[in-house]
Amino acid sequence: MVGLDAIHAGSLLGSESRKQTTPGARSHTVNPTLHKTSIERNREAVPLSFHTAHTANSRLEPAGRKRNMATRRKKKHQSATADRITALPLDLRARIVSYLSFCEIVQLSALSRSWRHIHHHVPVVDLNLGEFVAFKKHIIDEKLAIPGIVDDHRLLGIRVALAHRAREGIGSKVETLRLAYSAGDPRVKRHADRLISLTDAPKICLDVSFAAVDRLPKRLNWKVDLPPAARHLKIRSLDFRKPTPTIAGPGAAALRKLYLHDVTLREWPLLPSLRSLRMSMVTVTTAFTPGATCPLLEQLAFWDSTIKHPCVDIRLPHLKSLDMDDVDIELPSAGDFLFPYGDVTVDAPELEELMVNCSTGCSVEYKSFTLRAPAMRYLHWFGQFAELVHIDVGKPGSVSGGTIQFTSNGELEEMSYREMKDYRAQMMQMLHGLLPHLPPLIVADTAQPYMTSKTRTVMDEDLEEMIPEETLTCDLGGLISRDV
């Protein structure tokens, strides 16, 4: 019995052990770990240090969230202030980018939503139509005989954008139009005329050239039709042949300021409202009579210009400022250079300031210079010789300031033909006109304390040697204040 019981117990023990060790064997024994939840099992699998850190973070979660929100707000603020130009008002941004060309501004409109319509608000439209011509050195159309191919598609796009801006009023008005184009190319000029009309800008600046083709006439004439809003016009020729502009259109009658550079003036434009006329390197082939077509001129200035007519007649009742700098009256023949030529007459009751300047040897000597300006206050005269000078400034002492100055190099014709004694005689004529109440013999003694004569030596680049140079100056402000 004992043996049987032992054997039965051993069999039971062996069977139990087999149940535990045999893979895949089913067991009805209760395993305590099966009653644990998945969370408890995960906690047992994770190290204790993680539980400690997680518990600490859960306790400090509100403070950490605040720090994260503050960090996000700071980054958002930094990103908002990073592009300071975009944060500016629209009109200010438009004025800043107006220093770019109009094509670059159109490209800028694709930057973001804030810049989408920036090209509708820029006050300045700057276009160079030469950038729309390809193959400029090749003649594609033999019949037209003008080099290059014009990108009409892009130019039409710009015209549509400007027309949309002007008609529907979606943007601000164009204040200034800067346009460079070839007036000798009819394909380009057609677009230029349309752009001038569409912008209707108060200020128009034109840089004009002519295509280098043989079919162009010797007299390069072109017409500029001004829109109704035009008030200021600047024409600058980029061609050595000095073209001739014709100013017309509805805006010509209201034009207030005109600037001409390197052009030929064959007839005076009819500008009844013009107040300011400035000319640089202009050739006038007709009689110089601006008062006939521009009676309201208040400012007249011309520099480095040539007048191909012996008569310069400036009769302007409202003229207040006159500046003549290196104005040459062209002689009929080169052999007459040694003789004074041309008569200049200035009759301006409201003229306040007169400046006449001649660089030594750069302009012809005048035969006569007549001035009637009872309201004149300042007279500046440098170097220009006139054989006969007559000045009428009304009552004595009306001119309160200014300078008369002459420079001579003796008898060296390379620098100056006149000797100082000739310039001194002219100065006495001018001072007698400024001080009409004094006899001619007393004028010299009265003016002597206010006249200075300086002699120095200068380098002559042609002779490559030092030559003497004498300068005679009269201080009109001190003289007239002392005499009065």
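**View 1. Patch of positive charge on the surface of the predicted model.** Arg 178, Lys 203, Lys 234, Lys 257 and Arg 278 form this surface patch of positive charge. Patch residues have over 30% relative accessible area and no salt bridge, and like charges are joined within 9 Å; a salt bridge places a side-chain nitrogen of Lys or Arg within 4 Å of a carboxyl oxygen of Asp or Glu. Arg 278 belongs to strand β11 (residues 276-280), strands being DSSP runs of E with at least two residues. With a relative accessible area of 36%, Arg 278 is partly exposed (buried means under 20%, exposed over 50%, partly exposed in between; 1.4 Å probe, protein chains only). The model is predicted: local features need pLDDT of at least 70, side-chain atom pairs count only at pLDDT 80 or more, and totals for chains, interfaces and linings use all residues. Residues are numbered from 1 along each chain as its sequence is written, and side-chain values use heavy atoms, without hydrogens and water.

View 2. Most residues other than glycine have a negative phi. Met 281, in the loop between β11 and β12 (283-284), has a positive phi of about 55 degrees and is partly exposed at 35% relative accessibility. Asp 326 occupies the loop between β16 (321-325) and β17 (328-329); its phi is near 55 degrees, and Asp 326 is buried at 12% relative accessibility.

**View 3. Strand β4 and its partners.** Because 6 of the 7 residues of β4 (residues 176-182) are buried, the strand is largely enclosed by the rest of the structure. Strand β1 (residues 124-128) runs parallel to β4, joined by 5 bridges (pairing requires at least two DSSP bridges), and Leu 127 stands opposite Leu 179. Strand β5 (residues 203-209) is also parallel to β4, with 7 bridges; Ala 180 has Asp 207 as its bridge partner.

Definitions and conventions. Patches are made of residues with over 30% relative accessible area and no salt bridge: like charges are joined within 9 Å, nonpolar side chains (Val, Leu, Ile, Met, Phe, Trp, Tyr) within 5 Å. Accessible areas come from the Shrake-Rupley method with a 1.4 Å probe; for residues, only the protein chains shown count as cover. Lys and Arg count as positive and Asp and Glu as negative; His and the chain ends are not counted. The place of a charge is taken as NZ of Lys, CZ of Arg, CG of Asp or CD of Glu. Helices (H or I, at least four residues) and strands (E, at least two) are DSSP runs, numbered from the N terminus.
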